[in-house]
Amino acid sequence: MCYNLLIDAYGHKSQHKKAESTYLELLEARCVPTEDTYALLLRAYCNSRLLEKAEAIFAEMRKNGLPPSTVVYDAYIDGLIKGGNTQKAVDIFQRMKRDCCQPSTNTYTMLINLYGKANKSYMALKVFNEMKSQKCKPNICTYTALVNAFAREGLCEKAEEVFEQMQEAGHEPDVYAYNALMEAYSRAGYPHGAAEIFSLMQHMGCEPDRASYNIMVDAYGRAGLHDDAEAVFEELKRLGMTPTMKSHMLLLSAYSKTGNVQKCEEFVTQMHESGLQLDTFVLNSMLNLYGRVGHFRKMEEVLIAMEKGPYEADISTYNILINIYGRAGFLDKMEEVFSSVSSKKLKPDVVTWTSRLGAYSKKKQYVRCLEIFEEMIDAGCYPDGGTAKVLLSACSSEDETDQVTTVIRSMHRDTRTVLPT
């Protein structure tokens, strides 16, 4: 037990060599490693991104007469997900089943969370249905993960169905479950639906937390109801809950959505004076606001401040600039920003490419759009639904529309074949 505690402690600190040394000490002391020992060592290697060493654990277990168990597989999948290696996590889940090792409720819940965060609610539901077919009982965390998966895509009815199933299964919804359902209505643009869930939560004796208030600020902000968003923010403070940086950012987004430059500037000043450290998200919000209302000089001043530090510009910063310049028709300026991205050690993402395409699509420059689309594919960036819409809007004839539709359909088929099942 003492050795396991040490391996766990070193693993959390990404000190894999010390975790490894402790394991060797355990063997030298003629102690028998348990499945928990191997699970903790796996997590340590995953935290340090040493996947070859993690794989070697399975061989080590078999050598010592211990077939990899659910505990060990769960530790591996958990470590991979936390390390951002989601495809490998899916692969290990499939291997687990091939090895006739029965996934646990925790295993299925992790996979549902994985797909939910990737905006693949259809895959999260598939895993949930597989879980039930295997007579593995979902717990409240499983149901909440599935509600969250639908919430991220604004699928209110689906989220509501799962929420009801949770209750029918005898689980009393907690604040996390209510928050997930509120998020579904917020993302779908129904702030009053989110408010109803908020009231229901209070009526049922479940105390809203800071995240609950943040969701309501966001819900009203997304709908352009900045006065309501501000009222929720003030209520949060009145109740003695200190607003987090996220709380401030959500209210700033609400003001920004209405194009109220003065209110946003006052709020940012207030944030700064209250001792909050402004970050990249706040400056990106101001960058976007100035661009949207045509205050290009102010927008460029914010960019200069970001590039000089201490606020680090990220790919979203340059995506905003590319989108703003492109929409304004300043194509040379847009291309200049696009060309600078690689020198900032950043990689253009699907939003970067789609924003750039959008500028030429607006001018019906079909051939140029196809050239950029080809560049995008060659760069290893896969298009999404937004890219398809932009490409189609560039078409001026039926032949061009047919050509783009054929390309999109063939790419969609290719994608479906590589999706994990």
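**Figure 1. The charged end of Arg 368 sits over the ring of Tyr 360.** In this close-up of the predicted model, the distance from the charged end of Arg 368 to the centre of the Tyr 360 ring is 5.2 Å. Phe 338 is itself one of the buried residues of helix H20, which brings us to the next view.

**Figure 2. Helix H20 and what covers its buried residues.** Helix H20 takes in residues 331-341. Which of its residues are buried? They are Leu 331, Met 334, Glu 335, Val 337, Phe 338, Ser 340 and Val 341. The cover over these buried residues includes helix H19 (315-328), helix H21 (350-362) and helix H22 (366-378). While tracing the helix, it is handy to recall that an α-helix has 3.6 residues a turn, so residues three or four places apart point the same way.

**Figure 3. Lys 364, a residue with positive phi in the loop between H21 and H22.** The phi of Lys 364 is near 60°, and the residue is something other than glycine. Its relative accessible area is 43%, so Lys 364 is classed as partly exposed.

**Figure 4. Cys 100 in the loop between H6 and H7.** Cys 100 is not a glycine, yet its phi is positive, at about 60°. Is this residue buried or exposed? Cys 100 counts as exposed, because its relative accessibility is 72%, and the cut-off for exposed is over 50%.

**Figure 5. Aromatic pairs, with Phe 93 and Tyr 108 as one example.** The count of aromatic pairs comes to nine. One of them joins Phe 93 to Tyr 108 in an edge-to-face arrangement, 5.9 Å centre to centre with 80° between the planes. This pair links distant parts of the chain: Phe 93 belongs to helix H6 (residues 86-98) and Tyr 108 to helix H7 (residues 105-117), 15 residues apart. Phe 93 and Tyr 108 are both buried.

**Figure 6. The aromatic pair of Phe 198 and Tyr 213.** The two ring centres lie 5.2 Å apart and the planes are at 75°, so this pair is edge-to-face. Where do the two partners lie? Phe 198 is in helix H12 (residues 191-203) and Tyr 213 is in helix H13 (residues 210-222), so the pair ties together parts that are 15 residues apart in sequence. Phe 198 is buried, with a relative accessible area of 12%. Tyr 213 counts as buried too, at 6% relative accessibility.

**Figure 7. Helices H14 and H15 pass in a left-handed crossing.** The axes of helix H14 (residues 226-238) and helix H15 (residues 245-257) come within 9 Å and cross at roughly 160°. That angle makes H14 roughly antiparallel to H15, because the cut-off for this class is over 145 degrees. On the H14 side, the residues that meet H15 are His 226, Ala 229, Glu 230, Phe 233 and Leu 236. Their counterparts in H15 are Ser 247, His 248, Leu 251, Ala 254 and Tyr 255. Two of these names come back in an aromatic cluster: Phe 233 and Tyr 255 form it together with Phe 267.

**Figure 8. Thr 317 and Thr 280, two buried threonines in contact.** Thr 317 lies in helix H19 and, at 0% relative accessibility, counts as buried. Leaving aside neighbours within four places in sequence, its contacts are Thr 280, Asn 284, Leu 287, Leu 303 and Met 306. Thr 280 lies in helix H17 (residues 280-292) and is buried with a relative accessible area of 16%. With its own neighbours within four places set aside, Thr 280 is in contact with Met 306, Tyr 311, Glu 312, Asp 314 and Thr 317.

**Figure 9. Stepping back to the chain as a whole.** The secondary structure comes to 24 helices and zero strands. The C-alpha trace spans about 70 × 55 × 45 Å along its principal axes. Of the 421 residues in the chain, 45% are buried. Among contacts with a separation of 6 or more, 58% are between residues 24 or more positions apart.

Methods. Residues numbered from 1 in each chain as written. Predicted model: local features only at pLDDT ≥ 70, side-chain atom pairs only at ≥ 80, totals over all residues. Heavy atoms only, no water. Buried < 20%, exposed > 50% of the residue type's maximum accessible area, 1.4 Å probe, protein only. Helix = DSSP H or I, 4+ residues; strand = E, 2+ residues; numbered from the N terminus. Contact = heavy atoms within 4.5 Å. Phe/Tyr/Trp six-rings, centres within 6.5 Å; stacked < 30°, edge-to-face > 60°. Lys NZ or Arg CZ within 6 Å of the ring centre and 35° of its normal. Axes fitted to C-alpha atoms, helices over the stretch in contact; angles between N-to-C directions. Parallel < 35°, antiparallel > 145°, perpendicular 65-115°, else oblique. Left-handed = near helix turned anticlockwise from the far one by under 90°.
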